Amino acid sequence: MALSFFGSLALLPVLSNAATGPSEDLMSFVSRPDIRAPKFEVVKHNSDLISPGYWFVAPYPVMAPEPREKKWSPCQVGPHIYDADGSLIWSGACLWDNRNVFDFKAVYHIDADPHLTFLVQHDFEDTGIKGHGIVLDQHYQQQNLTPVINDLWEFNIHEYNVLPGGGSALACAYRSEVLELSQIGMPGQEGVILTGGIQEMNVATGEILHEWRGIDHVPLSHNTKGIPAGPPGGPLGWDYIHLNSVDKNSDGDYLVSARFTDSIYLVSGQNGDIIWTLGQRSDFVQDFSFFRQHDARFISHNDTHTVISFLNNASDEDEQQEDVSSAMYVLLDRIARPMTATLIARYYRPDNSLTRLRGNVQTLPDGNIFVGWSQQGYHSEFTPNGTLTMEARFVSDRFSSYRSYKYPFVGRPPTPPDLKSFVYGTDIDNTNTIIYISWNGATEVAAYRFFAKSDETRASVSIGTVKKTGFETVFVAEGYMDWVSAEALDVQGNILGKTGVERSVLPEQWLATGFKAAQLTPDDPVHVHDETADTHRNRTITYAFTKEWYSPDWSLRVLALVGSLTVVIFFAGLVAACVLFIKRVIGVRHLRQYKKVPRGEVDGDTEMDRMVPFSSDRTRFI
């Protein structure tokens, strides 16, 4: 049974009430109207070479905390997981009071199960909420909250690096201190300095297990950003070093990146001394340079050699050293005399532009390289030999993600799937039920099986099963189905979860759109969906639409298009009638002839064969 034009008109109020309205850069879902996740634009250059896994990003519009009344609603910032096509897997945007989140990633070294870690920024107001680190299990349940319990005024946004075993984590630590300024040519004068350091803390309690203060080991004069002309002041002071990442090796030493000294340091875990410096005032003979770098990480380390990775931003807000930012891998030979630092791999930003702020580099298990270029959530993936496999960015330039990661992950949410059901039609014999279902965070769902019943006292009857498509799957069944529910199934057909029973919603202005029944009662699914019944309703029509073509936004656009086409057809018919009249009366015989374009028909395939989700290696707007 095809959906009639007037039946589609009857659907308009359903979609208008259920959805939050069209948007070019945000996803919207009927089953979860509280989620408005940023859309991705995805370009796949070589699908066969893309590493498996999900994207872990934390979009934010403004880095500084915003007043609550200025936050976007529904929630749009915070931790998000997407698949390789840019389809949403999980949104945790509203779970932390719509506050900015940073360094969101999956970790596999706490115990046998995967976990999620990230840090939540301090509150806008002076409420005493300094921010904290968060550890979730694979059920999205909080396992640990790491507070700030010392004199720091915030949990710094640059790092929350949970170490193997999950007992401790690394973070950056910024303090505003009044210091004597003879190191920068102002003897006898004092100024406010934003000093940088690192901390290793207990994940469960926030207790500081180890702390290193950069000001005790890196002089103010090593700043390369620019020495102030006079004593610095203000509440924060002069940010002379700007530490932005910290990692730890098996020897217990720390790898520290300092943006405003253009240097990477290896700091002793025993006494805090700087073992070596790479970059400005380097202890190595280098065959490369870098500028305003981020995210220095150990890749391998032994008694003689070390391999590290980092993002060479090659620029900042005011200046640049190169034209394109790049991810760099460097081999450090520590037994050579003099020690040498050799660039062994470099991956340039694919759009030949600069990442002036933020960013990260990640080495994937299969050797591929995943780079977060930060602004607009731009990230890309390369094979080890430099082949670009994909790139993606938020459709909206309102959002960025400080870092972007890619990991395999199995998410098993503790809450059931979300379902909403609507009925529409033109008369009592021409009704359909449209069902929307989603399960925020579930990664193992392969299909949904739907049920209905004619009244609440009866047993539920299966009305169809469809493959999961994107975050939200849409199912259309013939007839007025009520008391609707569904089961989420894995690839083996095992039940992963069940929805509650939901009543179907009827359009508020159904009679105004031409519906002829004064009162409509639910159909008995046993009869409507009985394949052997001798009736005009002896079959079930089911559709599994991809979200690209049957999201609420697209539904409204398609219906608007249908209305526009109806008007066009009407006036075209009127014009044709006038033309025929003129031809007959005046005898015009040389009117332009038009060829009839035959309609394409698909032979030999089934309804479900024609509903294969769209897939392309070209640019896609998700």
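In what order do the strands of the open sheet of four strands run? The order is S15-S16-S17-S18, with antiparallel pairing. This is a predicted model, where local features need pLDDT of at least 70 and side-chain atom pairs count only at pLDDT 80 or more, while totals for chains, interfaces and linings use all residues. Residues are numbered from 1 along each chain as its sequence is written, and side-chain values use heavy atoms, with hydrogens and water left out.

**View 1. The open sheet, S15 to S18.** S15 and strand S18 (274-279) are the edge strands, each pairing on one side only. Strands here are DSSP runs of E, at least two residues, numbered from the N terminus, and two of them pair if DSSP finds at least two bridges between them. From one strand to the next, the twist averages 20 degrees (axes are lines fitted to C-alpha atoms; angles run from 0 to 180 degrees between N-to-C directions). S15 and S16 share five bridges in the antiparallel sense, and Leu243 sits opposite Ala258 in S16.

**View 2. The largest nonpolar core, with 25 residues.** Such a core is a set of buried Ala, Val, Leu, Ile, Met, Phe, Trp, Tyr and Cys residues joined through side-chain atoms within 4.5 Å. Leu220, Tyr240, Leu243 and Val256 touch the most other members. Strands supplying at least two residues each include S11 (168-181) and S12 (186-202), and S11 gives the most, with five. Leaving aside residues up to four places away in sequence, Leu220 has contacts (heavy atoms within 4.5 Å) that include Ile193, Trp238 and Tyr240.

**View 3. Salt bridge between Arg175 and Asp151.** The side chains meet at 2.8 Å, N to O; the rule is a side-chain nitrogen of Lys or Arg within 4 Å of a carboxyl oxygen of Asp or Glu. Arg175 lies in strand S11 and Asp151 in the loop between S9 and S10, 24 residues apart. Arg175 is buried at 15% relative accessibility, whereas Asp151 is exposed at 56% (buried is under 20% relative accessible area, exposed over 50%, partly exposed in between; 1.4 Å probe, protein chains only).

**View 4. Salt bridge between Glu317 and Arg259.** This pair meets at 3.1 Å, N to O, and its residues are 58 apart in the chain. Glu317 is partly exposed at 46%, while Arg259 is buried at 3%.

**View 5. The hairpin of S24 and S25.** These strands pair in the antiparallel sense over four bridges, with Thr363 partnered by Ile369. Five residues lie between the strands, and Gly367 takes a positive phi near 95 degrees.
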